[in-house]
Amino acid sequence: MKLFNLVIVVLILISLPISPQTKKFPLNQNDIILTRTAQPLQYMDKVGSQAALMGFENGSFEMWIWPWKVLRNFDLQFFIGTTTQPIQSRDIVREISVTPEATIITFVYESFTVKEIIFIPYNKPGAIILLDVFTTTPLTIVPGFVPVMQPQWPAGIGGQYSYWDNNLKAYIVSESQKRGIFVCGSPLAEQMAAPPAHMFADNPIQFKFTVEPNKANENYYPIVIAGMHKQPRDTVFALYKDLVSNIEKYYYLITDHYKKLRSETTQIITPNKKLNLAFEFGKVALSNLMVENPTLGKGLVAGYGLSGGGGRPGFAWYFGGDAFINSLAINSYGDYQSAKDALKFTQKWQRQDNFPIRKKLKDEQNTEIGKMAHELSQSDGLIDWWNDYHYGYNHADTTPWYLVAMGNYFRKTGNIDFIKNSWKSIVQAYKWCLNKDSNGDGLMDLKGAGLGVLEFGALVKINNDLYTQGLWTQGIKEVNLMAEYVGDKKIEKTSAELLPKAYASLEKLFWIEELGYYSFGSSEDGKQVKDKNIFPTSIMIFGLLDKTRSESSIKKFNESDMITDWGVRNLSSKSSLYEPTNYNYGTVWGFNSLFANASQYKYHNNLAAYSLLKNTYQHAFDYGIGIFPEVFSGDINTKLGEAYHNQGFCTSGYIFPIMTGLIGLEIDALNNKITFAPKPPLEWEFFDVNNVKIGKTTLHLKNKMKNGEWNLTVSKEDNEKINLNFNPDFMLGTQIKNVTVDGIPINFEVVNHEQAVQLISEFFITSKHEVIVTYKPSVEIYLLPEITPVGATNEGLKIISMKFVDKELFISVEIKQNKIYKLGVINEDLIKSISGAKEEDGKLLFSISGDKADFIKHEIIISVKE
């Protein structure tokens, strides 16, 4: 019956005439918006679950409808009156404005303005472009494109063709087996090209429509691209007609989709408007990684980028490790359904005895059962990805990441049914990792397991990799927790016994006593890698390593050989292996910040953490608007030529530290507990955290801090009893006096960390409550606003650490000689004396004279009044 109804709908849609007019409708007024002068050769994209439009801010683009690249070099030309001289859109582009739902590119000429409004209809395989035109003279607009009809890498086909369909007023693009059919046109279009039969033309194919001055303001002028994989022609044509006839409906559907994403996940409102925007655009970017492939299903891809003349659109196919990493960020702001969908998708491709890689011999012994897939091309189905290509399972770290991600989701949601249904898969992954421990030290080895965090170079064949082995240790911890709730007593017992052994082995293998930091890895005979590398921080975020040693390591990683003014290098610039443009040995990734920045916050190195955070999310404004490129030079603040334009785990590189560090939010649904341990910059006087989800409850946390009082207002809409741990950080030297909840004093503790004073308090909430913390502030230090321009080198202030001893505040920094550096200071009237700096108008000024080019260590000591 459902199939019959679908056929009837398709027949009705096919028979309906297409209205040539699209009356103007009001666009959504969105405060999540970024507008700037267009950079003609800068990347831009608009992405949906079934299609992606990727191009440049000059309006040129390529179009993908998964898994097919439909066209490239789409462009607009304009002709005034009867002239035959084209005005190229790329030559007159002026402005770009981006909201989650639409991108608007504005073209301006002396007699006309054209706004190109681009959006991807919600859950539809297509794109809609509306031209909003003002003209003082008759204007002919000529869209053109090169048809491609190419499947995603590594598949390939032949026999493509295109032709004009005068009923649809559109070009049809397909191939001889009709595995995909695609349409690009407009109800206003007139044909301008006659493509050759059975092949593509060498030149772009074009159509045109004319806009009269007296009618320009009444309508939008639409262009629609649509298509489907392995569907009948009539179904594809019905889709095209539906999109053309219901443009306003589809615009508001995609608008509502992003409004829902915003309203149903955590929001933050801070005095830092750029941070607020970066956070919201980051959520959109991560949400847009969810791709529904017509053959494979719905899962998270890794990112997006231009394919040019090829078939690789960035990393827009499925990567297991990226999905697991990004799920931590996605869970952190409460988009639990997306995280679950991503996890379920990866389970489909877990290695089994004869699937998805088939045995070559009937009695062949498969030792890889349980291993999780590293990557899966969207063209699987057009090719035999798993058996004809060797990329699918070449990483070892993907499988422990799966265990970590499953445990993280479980703790956030308490979804025991999902864990029970996944238990066979979890146990298989756990046992696969167990079987990779060749020497019984409790840690899985890389030898024989696959790649770790690095994919090439001198360190790639190392036996012990702290990144992978630390993930495995966290995986043991998560399996132990899940086994307890599932009721698997055997695995609960064995994992509990294994965990202390793994902890001890991590310390023994990777701690370098004489250097004061953890090693990246060690050889089979225990020889350690001494070169400073950022990836030990990937384990520090879980608190698996010794606290004192972790604090020491982070101070070392805060130094200028690792920290740049635009992020953190993966390898020290002092290493003999360092090369600033080498993918694995010296570059800066947003991905690095996910670990390094979250670790800084975890160990209360808050001033250095906020500096790195700001320098990281700035990339969401410097390149493609609201999205984050893959990799940057280690020496110059610029994206590398090899870097793809929109990389998911680099967006997670600032989203995860914001939520787990700066905001300090941890959801424990299993114990109905929320830990709120914020570490706000000391110049902030307020911040709000809204839509915090735990179970079926939603909380809002409103914070005001001023004049020795922190006022937290907690509100929620039901009477569910929630355990709230309120554990904010304060400046060193702060004396916390009193904590009340609704006017009633409660017990609390104060922990004097090396670099912060932390309040520890716990109480139950049922509805609306007011929490007031009174404290005596000390001298407070904060970062002054500063932006590193694209193209800059590493010159900025490096915050190494702080400590407070006997009424003296010690600030350790690295600076360059003959340059004046500044920090903001609050409560300067409490300063008794200063060495290493001077105070002027609420600022600390400091410099060093000399003739050295390198960064120099410097210490500021502030004596604080009683």
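Axes here are lines fitted to C-alpha atoms, for helices over the stretch in contact, and angles between them run from 0 to 180 degrees between N-to-C directions. The model treated in these exercises is a predicted one.

**Exercise 1.** Determine how helix 6 and helix 7 are oriented relative to each other, and which residues form their contact.

*Solution.* Begin with the geometry: helix 6, residues 320-332, packs against helix 7, residues 336-347, at an angle of about 160 degrees, and their axes lie 9 Å apart. Because angles over 145 degrees count as roughly antiparallel, helix 6 is roughly antiparallel to helix 7. The crossing of helix 6 past helix 7 is left-handed.

Next, turn to the residues: on the side of helix 6, Gly-320, Ala-323, Phe-324, Ser-327, Ile-330 and Asn-331 take part, and they meet Tyr-336, Ser-338, Ala-339, Leu-343 and Thr-346 of helix 7. Sorted by class, this contact between helix 6 and helix 7 comprises six nonpolar and five polar residues, with no charged ones.

**Exercise 2.** Work out the strand order of the open sheet of four strands, and identify its edge strands.

*Solution.* Start from the order, which is 46-49-52-51, with antiparallel pairing in this open sheet. The edges are strand 46 (780-782) and strand 51 (838-840), each of which pairs on one side only. From one strand to the next, the twist averages 35 degrees.

Terms used:
Residues are numbered from 1 along each chain as its sequence is written. This is a predicted model: local features need pLDDT of at least 70, side-chain atom pairs count only at pLDDT 80 or more; totals for chains, interfaces and linings use all residues. Side-chain values use heavy atoms; hydrogens and water are left out. Helices (H or I, at least four residues) and strands (E, at least two) are DSSP runs, numbered from the N terminus. Angles under 35 degrees count as roughly parallel, over 145 as roughly antiparallel, 65 to 115 as roughly perpendicular and the rest as oblique. A crossing is left-handed if the near helix is turned anticlockwise from the far one by less than a right angle, and right-handed if clockwise. Contact means heavy atoms within 4.5 Å. Ala, Val, Leu, Ile, Met, Phe, Trp, Tyr, Cys and Pro count as nonpolar, Asp, Glu, Lys and Arg as charged, and the others, Gly among them, as polar. Two strands pair if DSSP finds at least two bridges between them.
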